[in-house]
Every structure is written in C-alpha cells, then in structure tokens.
Amino acid sequence: MEKVIKTTIFLFLISTAAYTQENLKYAETINPADLKKHVFILASDSLEGRETGKRGQKKAALYIKNHFKSIGIPPYRGKKYYQKFKVKTKRHVCKCEDCDVNFIQKIFGNRKKIKGENVLGYIEGGDIKEELLVITSHYDHLGKHDSLIYNGADDNASGTAAAMEIAEAFMIAKREGFGPKRSVLIMAVSGEEKGLLGSKWYTNNPIYPLEKTVANLNIDMIGRIGDFQKEPNYVYLIGSDMLSTDLHNLSEEVNKKHVGLRLDYTFNSEDDPNRYYYRSDHYNFAKNHIPVIFYFNGIHEDYHKPTDTIEKLDFNKIKKISQLVFLTAWEIANREERLVVDKAK
Ligand SMILES: [Zn+2]
C-alpha cells in the first residue's frame, strides 16, 4: 500500500515537473533570428504598408497562413484559415500624419466598404479543449500614400511575428506530447487601423462561444523603446487586472519566475487620457467580459509615420516579450482551473 502511494506521488511529481520544465524549453524556440525573418517580410516595401483591403494586406495574410500551414496547424474545421469580413464604415480612419481627412471624406463620402480577413491558427486542446484562449495581433497597417510606404515594422509587424512564433512553440510542444489542455487560437487580425474592425467581426462571429473563451492576450507594438523610457527591459501591460485578479497574479508570477521584464502599469487605467485600453483589439474581448492583457511598448517618434522601419527594432526585446506572452498563455491553457472573472461590472 505504502509503496503504491509513493509511486503515485512520485509519478505525479515527475509529470508536473515535466510540464513546468517543458514550458521553458519551448519558450526557447522563440528566437530573434526567426522573429526577424517574419518582420523582414511583413515590413518590406513589397507589402506596401499592409492597408486593409489592399494588395499588401492580402500578401501578408497569405504569408501568415503559409506559416501556420508549415508548422502543422490544419485549417480550422478542415476548411479554412481565413475569416473574411466586409464592413461598411463611415469613418475614414487613416491615422497617418499627412492625411487630409476632410478631403478624403469628400471623395469617398460615407460609402467606404472595407474587405479584410483575420488569419486563424487554431490549435486544438486536450482534456479541456472546449475552452479557448485567444492570442491576437493585428497585421494590417496604414498602407502607402503617394510614394511613401508606411512599413509599420513596430506597428505591428513586431507583434505579428511574435504571434507566429508563439504558434510555432505551441505546435512543437504538441508534436512532442505537450499540447495545451485548453484550445488556443492564434489570430492575426486585420482592419485594426481602421477601427478594430477584424476583432469586432470576430467577437460578433466567434468560432467558439464567447462564454467558453477564457482570455485574450493581445500584442501590438513590442519592438521599440517608447517615449518616457530609457532602457529596453520593460513592457507596458494594460488590462491585466481589470476583469480578473487571477489573470493579473498569474501574469506577474510567470514574469517574475521566468522572464524578468519590468512590467509597467502606467497606462493601465480605463480613464487614462491616452485611452489605450480602448485602442487595440483586446478591447472587443474585454467589452464582452473576457479578461485581457495588452502588451505594448508605448508611442515613439516614428509612430504612424513612414519612418517606422525594421532597422530600428530591438529583436531581443521582441523575443523577451514574446516569451512572456507564450509562458503566460501556457499557464492559462494548462492549469486545472479556468481564470476567475471577479471584477466584471
Ligand atoms: Zn497597432
């Protein structure tokens, strides 16, 4: 009897230990060289600034889709990687510096129809596969104006590359028998720069019921040092404690234990004058009472300018933040209990 108990405990310890060790091993597969390879393509002139509805955005979608395919993620329900959307928008929400909004409004009036697609990398879970964690990053940007290309290397080729590498880390783990217990959806979103259109479309047409969606981790701009910062070893976190104390604590613990970034909560408030909580794709999840974390390096001098280019990025910083997101996601997807939402109004 005693012996049996001992063996059981021993086996239990081994399997728990294995899972906690493995996460670090798979986090290590996310490296600066791979991240750079993706950003190099996404932020290249040939993608023409990836404006939603334009040729460059379609090329970017194809690149991301091919990556999902190559790392072994099958199309969702055997059918497709794309979630297409068509939205009529009254707003011409070009956020670039030199755009005469009134002039463009006169030409296009209120009839601007925008066609985009979200690219879905759906990784089916194990024991708890009916619950879903969503990782998002928008891959669209501002396009080109005359001959000026808005490459959007930081905004948001950096976050898109991160999401692609996080997907790969999960798939390598899955192949080796350490697939996530909950399902994980890695979603590259378009239409963000035109008013969070892709994520709004997704939350109105989710592939899983939103009640079964346990959290959203959103990555938008993680390759630069923002204004007000002096060194790269930080990231702004926004939203982590707004709906779930549990999520906030988990995120803090993972960082302390494995990553060691300085987590900066300066902008983590619903009434912050910058309103970042409302300004990227996580907000469409948060407004549906799904706990979110928004990972962000802050605004800088090249924000929404043609000078947001690849050679200014710090790939070591992108790697570290990507690993933090991956390890946080790993914990959310693999722990027994679902995150507790204790602060929904
Ligand atoms: Zn962005």
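**Figure 1. Asn 156 in helix H5 of the predicted model.** Asn 156 is placed in helix H5, helices (H or I, at least four residues) and strands (E, at least two) being DSSP runs numbered from the N terminus. The peptide bond that leads from Asp 155 to Asn 156 is cis, and its omega is near 0°. Residues are numbered from 1 along each chain as its sequence is written. Because the model is predicted, local features need pLDDT of at least 70 and side-chain atom pairs count only at pLDDT 80 or more, while totals for chains, interfaces and linings use all residues.

**Figure 2. The eight-stranded open sheet.** The strands follow the order E1-E2-E6-E3-E7-E10-E8-E9, and the pairing is mixed; two strands pair if DSSP finds at least two bridges between them. E1 and strand E9 (262-264) are the edge strands, each pairing on one side only. On average, neighbouring strands of this sheet are turned by 25° against each other, direction ignored. Axes are lines fitted to C-alpha atoms, for helices over the stretch in contact, and angles run from 0 to 180 degrees between N-to-C directions. Strand E3 (residues 128-138) pairs with E6 in the parallel sense over eight bridges. His 138 has Val 189 in E6 as its bridge partner. H5 packs on the sheet, where it touches E2, E3, E6 and E7, and its direction makes about 150° with that of E3. Helix H6 (residues 197-204) also packs on the sheet; H6 touches E1, E2, E3 and E6, and its direction makes about 110° with that of E1.

Figure 3. Five of the five residues of strand E10 (residues 292-296) are buried. A residue is buried if 20 or more other C-beta atoms lie within 10 Å of its own, exposed if 12 or fewer, and partly exposed in between, with C-beta atoms placed from the backbone. Val 292, Phe 294 and Phe 296 point one way from E10, whereas Ile 293 and Tyr 295 point the other way. E7 pairs with E10 in the parallel sense over four bridges, and Leu 217 stands opposite Ile 293. E8 runs antiparallel to E10 and is joined to it by three bridges; here Ile 238 stands opposite Phe 294.

**Figure 4. The largest nonpolar core.** This core has 87 residues, and among those with the most contacts inside it are Leu 133, Ile 135 and Ala 162. A nonpolar core is a set of buried Ala, Val, Leu, Ile, Met, Phe, Trp, Tyr and Cys residues joined through C-beta atoms within 7 Å. Helix H5 (residues 153-175) supplies the largest share of this core, 12 residues. Beyond its neighbours within four places in sequence, Ile 135 is in contact with residues including Ala 163, Ile 166, Val 184 and Val 325. Two residues are in contact if their C-beta atoms, placed from the backbone, lie within 7 Å.

Figure 5. Asp 146 is exposed, with 6 other C-beta atoms within 10 Å. Phe 228 is exposed, with 10 other C-beta atoms within 10 Å.
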